[in-house]
Every structure is written in C-alpha cells, then in structure tokens.
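Subject: Handover of a structure

Dear colleague,

Please find the structure below, together with its sequence.

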Amino acid sequence: MSTADLVADAVVKRFAEHVAVDSLSFSVAHGSFFSILGPSGCGKTTLLRMIAGFIAPDSGDIAIGGRSMQGVAPNRRPVNMVFQQLALFPMMTVGENVAFGLARRGVARAERVRRSHAMLERVGLGQAAAKRVDELSGGQRQRVAIARSLVLEPALLLLDEPLGALDLKLREHMKIELKQLQAAFGTTFVYITHDQSEALVLSDHVGVMNQGRFEQQGTPQDLYYRPQTPFVASFVGANNRIVGRVTRLDRESVELTTAKGWSIRALKRGAMALDDAVEGFVRPEVASLGRIQAELPAGQPWHSGEVQSLLFDGANSAVLLTETVTRREFRIALPQTGQFSDLKPNEKVLFSFDPARAVCFPARAGAAGQDG
Amino acid sequence: MASVPTRANARQARWHGRFAVSLLLAPAVLWLGALIILPHIDLAILSFRERVAPRQYVASLAQYKIFFTEPLYWHVFVRTAVMSVVATFLTLLLAFPMAWIIAKLAQGRARSTLFILCLIPFWVSETVRTLGWMILLRESGVLPSLLVKLGVTAVPVEFLYHDATIMVGLVYASLLFMVIPLISSLESLDNSLIEAAYDLGANGPAVLRTIVIPHAAPGITAGCIVVFMLTLGSYLTPTLLGGKNSQWFTEQIYTQFITRFNWEQGAAFGFLLLALSTALVMLGLRLTGQRFGDAMRRA
C-alpha cells in the first residue's frame, strides 16, 4: 500500500445557501492519476481550488503529503496547478515561464536556466525556450503549462480541464501525451473533467462527482462495469435507460416493466420492493442483434424492434431502434465485423441482452418518469 | 430604365465616397490646422525675431539666448519639470490602488459607484475645484480653523502658497486621467494569470512586479504621459494655490505675452516648454521600453 499524497477529510464548502462541496472525503495514492469526473456545476472546480488553496473549506481538512494545509497560502503549498485556459504569462518567453517558479524560490539564474531547459527538453520543446507564448501551437502551450508546474517537482499536480479548449484531434493526442508524461514523471496528478472519456482513458482512479458529493469512486473499469448509482450508470459511458416498476423480484435480479408494458430483466442494485419505481440500464455493447432468433445468443430473453436509423461512426457505430410494443428507443452497438451494416430503416429485427450485465436501481427522486 | 454601371458612374461613386470621408474629417482637420498648426507656425516665426526699433524686426536667436543666460528662467523651467515629474509619480502611486480596487476587487454596483465617485469632481470646472481647495486651505479657511478648534495649532496656519499645496492640487486635478487608462489596462489582465503566479510560489510584491506591472505598462505609460503633459502645461492650479511662490513656467509665458507684451519672448518660452515635454516623454518611453503608439491606444 503506497502512501497517500492527498487526503480530504469531510471537506465542506458553501456559497450562501448553495452547498458546492458536501462533506467530501477521499484520498489519492502517491504516483497515481486521479480524476474527478462530473457535470458542470457539480462542485469539482471548487474542490480543486480548495486543494490549490485559492479558497478555504468551511469545515473539514485537506492534507497534502501528510501535512494539513489549513491556513497555508497557495504559494506555500507543495501543489501546482495547470489552469483551464493554461494562464501562461504572455509577457515572458517560454523559458521564462518555465523558470518563473524557480525564480520565486530564489534559485540562481544559471541553475534556473539549466533546469527549465532540461524540463522543456523532457516535454519535447527544447528549441522553444526563446519563443514567445503566442508563437506556440495549442498542444505546445499545454506542454509548457505542464512543464512550468512540474519543474517545481510538486507533490501534486492539479489539472483543471486543461484539454477543454483544444479541438477534438488535438485533445485525443494530448490525452495520450498526458498519460505518458504522468508515467514518465511519476507525479501524482489530480485531474478534473466533465468528459468521461478523458477520465476513463487517463485515470488510475476516478471519483464521479454530483451535487457536491462523490457518487462513486473506483477504477475506470469499476465505474463502467459496476456502477453503484443510477447517476454513474447514466453519466459514465453510453447507456440505455429504461424507467418502470418492479413486477418480479428475487434475491439477485429484478423484472422491470415500463408504463406501456415492456418487461426486461436486470441485476438488482439497492433495496427495492414490488411495484417500486426503478430505472434499468443496458449498455449498447451488451445487447446483441439478429434478424432471426437463431442469431441471438442462446438462453437470453429476446425482444423485437424496428430499425430507426443507423448511426455510422467507424468503430463506434450503432443502430437506433424502437421496441415493437412500446415504441421505446433502444441503442445497440454494431459488431466490428461489419455484420448488420446493411440494416435499413423500418426493418424488423430481434435483440437480446444478458440480464446479468444489465443493472436496475431504485428510481432517484425527481428523476423518475422522465421517459419510457 | 435600368442603369448600367459605367466607368463614369464608378468614378462618380468613388468621388462621392471620398467626398463623404473628407466631410467627416473636415472638423478635425480644421481644428488641427486652424487652431494648432497655424498658430504654432506663427509663434515659431515670432520666436525667431528680435525687435530692434519700433515696428522693426530682424531674425535672431536672442529670445532663446535670454532663456539660457537668465538664471531665473532656467530655475523656473527646471523646477516646473521636476515638480511635474513628482506630481505624475504621486498621481500614479495614488491612482494605482484606486484603479486596482475598481478593476479587480469591486463587483457590480459598488464598481460603478466607485467609478462615478472618481468622475464627479470633474463635473465641476477646474476653476471652481481649485477655489474649493482655497476655501479649505487659506488661513481663514476650513482646515486651519478646524485645527485650532481641535487644539492642534494655537493660531490658524496658512496652508496656501506652499509647494506641497501645489502638489496636492496638481495630483487631485490629474487623478482621473491616470485612473481611467489604469482601469482599462488592469481590467484586461486575466485573473488566472495572477492565480497562476501565486500558485507557482510568487508572493504579493512578486506578482505585482512580474505580472501586474508588465501587463499594465502601456496603461501606466499612457496615464503618465497625459498627466505629465497636463501638469507641465497647467496654469490655474499652480497660480491659485501657489500664488507668487509657485514659479511655474506657464506663468512666465503668460507674463511675457500679457504683462510685458513681449510676444517674441513668450513664443520662445512656449517652444521651450514644448521641447521639454517632448524630451521628457521620449526619455520616459525609452527608459521603460514602451512605444508611444501602444501607450496612446490605451489612453
């Protein structure tokens, strides 16, 4: 068990009546990549700014490297932050940007230059030291922002949605680069994002945040395959959400029937009784498609539907169909083999899924009956 | 009948366009030409001649020679320059925190209220504002009698006619012209830059020195140029608040033109003042590494 670089203990922050961060506790292991994933307004930025020291928690404590950070100003914390808009200093060269923190620590000029150049070299910008910030591309600026922080060898690097401003292609590229940088430096990264793909690809651990609390913490695989709350099931990855009432119940599984009478079976998550409002989730890639019943995996309950549209997106292609009885939409991922790529709208198809890979939660207050 | 675009039509349209532009520019051109350039040419000619007999003039450098040989003029000239530089610097020191509060700390209503508070004194004419200072500071005025009442001084003290009083008046009259360019340059400073510097280990003074001042430099320069020129050329404030002791160079020019009726001398002094302000502004720009155009865009 490695030591924790960051420990938050019952941290609370209120803004007037609004509770931004609600009694949050978690720890981040040394050298790991921890992401806080949540929709905008969930309190993740507030949390990050409390770790950086720009705002103080109302109660609770944040410890970094085993030391409580209560009353410690941002410039005295062993933490550095990569800002959303990067916040590179336009009045300085790239080299001066990277050397800024060293200068503030009183490192001698020659040493400063040596270390900032070595750092720029490591992020692949060895030639850029004399350039102005606005002469760099988006991806290069990103690397300068990270280099500027890492040159100070912080215990913790905080990243506030740093990929948000980049275009899609560059974002995909920077994702890989960030992961490689983190592996190369071994620094603990705390990364906040609203993009579940960034969180899943980059992180060792993810905390899914909603309304100031963590809904679930775990590895990306945990979150994806074993969501603990309906919020996590719907926020992390694509999911078919089916709302209805419990019509049959045993220890492990549950049968859910929608208002219009479509029944599916899924694993039971949480306490529920007959006729309780529930929501079920089925991932698009869990369901299989067939024109005849023999094409479906044996032993799974099957349903029939009608093709609505084919959503071609290379490896992420899917078909959107409507269940025959209830006209409810259902999304199914197309197999990579190219099978079913000839499906036509309004074509009748059959589909099935393993009830052991679908989950059912008690309905959230206020969230029931939104659809289905 | 449909009109066919012909070369003549196009030429006419172009001529119309040019005519409209020149109409719009006319007031500015007239103002520059009639009120600034022409009088200056006339003054330049005046300053380079000498009266040898009634209605008899010859070209000479005598007016400028007098300035360099007469210590009084020299003294007043240097004193005006030094006092103006000091007043500009004091205005900057006072205006910077005000601009910082308005641009960065105040929110919503408080912000516009503070800005209006800065602006309100300038709704009153300069004469009235300066007379206001006199009411406050003269021997029989508000402040001296208050000090007597409070027992600080035994008899009323005369606060007028000191250099410090001139300085107070000059700074007060210039404040707004420093605050406005400073606000606009501080507003454009991204707060995350300040936070980033702080996050990277900078303390308050280091943030100010490495981030805020370099960013605000064009605004600071613009404010300083405007305030310096206003101060150097001001007449009312030094005369009313400093009285006979003020020894401001503009008073020398006034004396030559109005009292002595020596227009040649006055014109030469006017050009010397113009040269002085130009030289000092250029020196300031050179020392701070700023460009005049950049600074004026901020003003």
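The notes below treat the model as a whole, then each chain, and then the contact between the chains.

**Conventions and confidence**

This is a predicted model, in which local features need pLDDT of at least 70 and side-chain atom pairs count only at pLDDT 80 or more, while totals for chains, interfaces and linings use all residues. Residues are numbered from 1 along each chain as its sequence is written, and chains are lettered from A and ligands numbered from 1 in the order in which they are written.

For the complex, the predictor gives an ipTM of 0.83 and a pTM of 0.81. Where pLDDT is low, the predicted coordinates should not be read in detail.

**Chain A**

Chain A contains eight helices and 20 strands; helices (H or I, at least four residues) and strands (E, at least two) are DSSP runs, numbered from the N terminus. Along the principal axes, its C-alpha atoms fill a box of roughly 75 × 45 × 40 Å. Of the 372 residues in chain A, 41% are buried. A residue is called buried if 20 or more other C-beta atoms lie within 10 Å of its own, exposed if 12 or fewer, and partly exposed in between, with C-beta atoms placed from the backbone.

The domain assignment divides chain A into domain 1 (4-231) and domain 2 (238-362); such bounds come from an automatic or database domain assignment. The C-alpha centres of these two domains of chain A are 39 Å apart.

An open sheet in chain A is formed by four strands in the order 2-1-4-5, with antiparallel pairing. Two strands are said to pair if DSSP finds at least two bridges between them. At the edges of the sheet are strand 2 (18-29) and strand 5 (67-68) of chain A, each of which pairs on one side only. Strand 1 (residues 4-15) of chain A is joined to strand 2 of chain A by eight bridges in the antiparallel sense, and A:Ala8 stands opposite A:Phe26 in strand 2 of chain A.

Further along chain A, strand 19 (residues 348-353) runs antiparallel to strand 15 (residues 287-290), to which four bridges join it. In strand 19 of chain A, A:Phe351 is the residue opposite A:Leu289. Strand 19 of chain A also pairs with strand 16 (residues 302-311) of chain A, in the antiparallel sense and over five bridges. There, A:Gly305 stands opposite A:Val349 in strand 19 of chain A.

**Chain B**

Chain B has 13 helices and two strands. Its radius of gyration (taken over C-alpha atoms) is 25 Å, well over the 19 Å that the globule rule gives for 299 residues, so chain B is more spread out than a compact globule. The globule rule is 2.2 Å times the number of residues to the power 0.38. The C-alpha atoms of chain B fill a box of roughly 90 × 75 × 40 Å along the principal axes, and 29% of its 299 residues are buried.

Chain B is divided into domain 1 (6-47) and domain 2 (61-298), with C-alpha centres 34 Å apart. Four residues from domain 1 of chain B and seven residues from domain 2 of chain B take part in the contact between them; two residues are in contact if their C-beta atoms, placed from the backbone, lie within 7 Å.

Strand 1 (residues 49-53) and strand 2 (residues 56-59) of chain B run antiparallel and are joined by four bridges. B:Glu50 stands opposite B:Val58 in strand 2 of chain B. The hairpin of these two strands of chain B has two residues between the strands, and B:Arg55 takes a positive phi near 60°.

B:His162 is found in the loop between helix 6 (142-149) and helix 7 (163-187) of chain B. B:His162 is partly exposed, with 16 other C-beta atoms within 10 Å. The C-alpha atoms of B:His162 and B:Gly243 are separated by 8.7 Å, although these residues are 81 residues apart along the chain.

**Contact between the chains**

The contact takes 17 residues from chain A and 15 residues from chain B. On the side of chain A that touches chain B, strand 6 (79-82) and helix 2 (94-104) of chain A each supply at least two residues. The largest share, three residues, comes from helix 2 of chain A.

With kind regards
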